[in-house]
Amino acid sequence: METLERLDLKWRPRDELLFHTELNTSIRVSYFHEKAWLPALKRLRGLYDLDFTPFTRSRWTGPDPEELLDRFDDAVGRLVEKRLTPYVLRHNGISWKLQEGVPLFVVSRDAGNESTSTTDRIYRHHDRKASESAARVIAGRLPRLRQSAERTAA
């Protein structure tokens, strides 16, 4: 929720760029890679190595590195060993939403997929909670149907 509050989507004009460069132009892949992605990976490596230089040499305005380590120490060690890309993070975010039972049409819309069938085809193996929920609904109705059938037969 904090991220949604910071984005202030409710009052933003539809034609206003949500993310933009310092010159208020749209962000291109090369700009994002150079200005955001590489510095983020350097900071992750800095946390892992306990070298906080990447936090002092840049315009970092986030929490202190010590606070980040307190909150995310376990994750830092695991993440630094992986080959992280924006695509990997997108894939994980979509998978986590489905695993937590967020409806497929919501996940598909948020991901910008052309249709829910695209999302379903790629991620259907992650959507177990929805299937479990559906099975519980049916299981809950079966005893009532049996009772109703038994009363009718009697």
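Modeller: A residue is called buried under 20% relative accessible area, exposed over 50% and partly exposed in between, using a 1.4 Å probe and protein chains only. By that rule Arg109 counts as exposed because its relative accessibility is 55%. This is a predicted model, in which local features need pLDDT of at least 70, side-chain atom pairs count only at pLDDT 80 or more, and totals for chains, interfaces and linings use all residues. Residues are numbered from 1 along each chain as its sequence is written, and side-chain values use heavy atoms, with hydrogens and water left out.

Biologist: What share of the 154 residues do buried residues make up?

Modeller: Buried residues account for 18% of the 154 residues in the protein.

Biologist: How many helices and strands does the protein have?

Modeller: Helices (H or I, at least four residues) and strands (E, at least two) are DSSP runs, numbered from the N terminus. The protein has eight helices and zero strands, and its pattern along the sequence reads α-α-α-α-α-α-α-α.

Biologist: Which residues are linked in a network of salt bridges?

Modeller: The network links Lys97, Arg109 and Asp110. Between Arg109 and Asp110, the closest N and O atoms are 3.3 Å apart. Asp110 also forms a salt bridge with Lys97, where the closest N and O atoms are 3.6 Å apart. This pair links distant parts of the chain, as Asp110 belongs to helix α6 (residues 104-111) and Lys97 to helix α5 (residues 86-99), 13 residues apart. Asp110 is partly exposed at 45% relative accessibility, and Lys97 is partly exposed with a relative accessible area of 33%.

Biologist: How many aromatic pairs does a search of the whole structure find?

Modeller: A pair of aromatic rings is described by the distance of the centres and the angle of the planes. Rings of Phe, Tyr and Trp (its six-membered ring) pair if their centres lie within 6.5 Å; planes under 30 degrees apart count as stacked, over 60 as edge-to-face and the rest as tilted. The search of the whole structure finds three aromatic pairs. One of them joins Phe52 and Phe55, whose centres are 6.4 Å apart and whose planes stand at 80°, so the pair is edge-to-face. Phe55 and Trp60 are also edge-to-face, because their ring centres are 5.2 Å apart and their planes lie at 85°. Phe52, Phe55 and Trp60 form one aromatic cluster.

Biologist: Is Phe55 buried or exposed?

Modeller: Phe55 is buried, at 7% relative accessibility. Phe52 is partly exposed at 23%, and Trp60 is partly exposed at 31%.

Terms used:
Salt bridge = Lys/Arg side-chain N within 4 Å of Asp/Glu carboxyl O.
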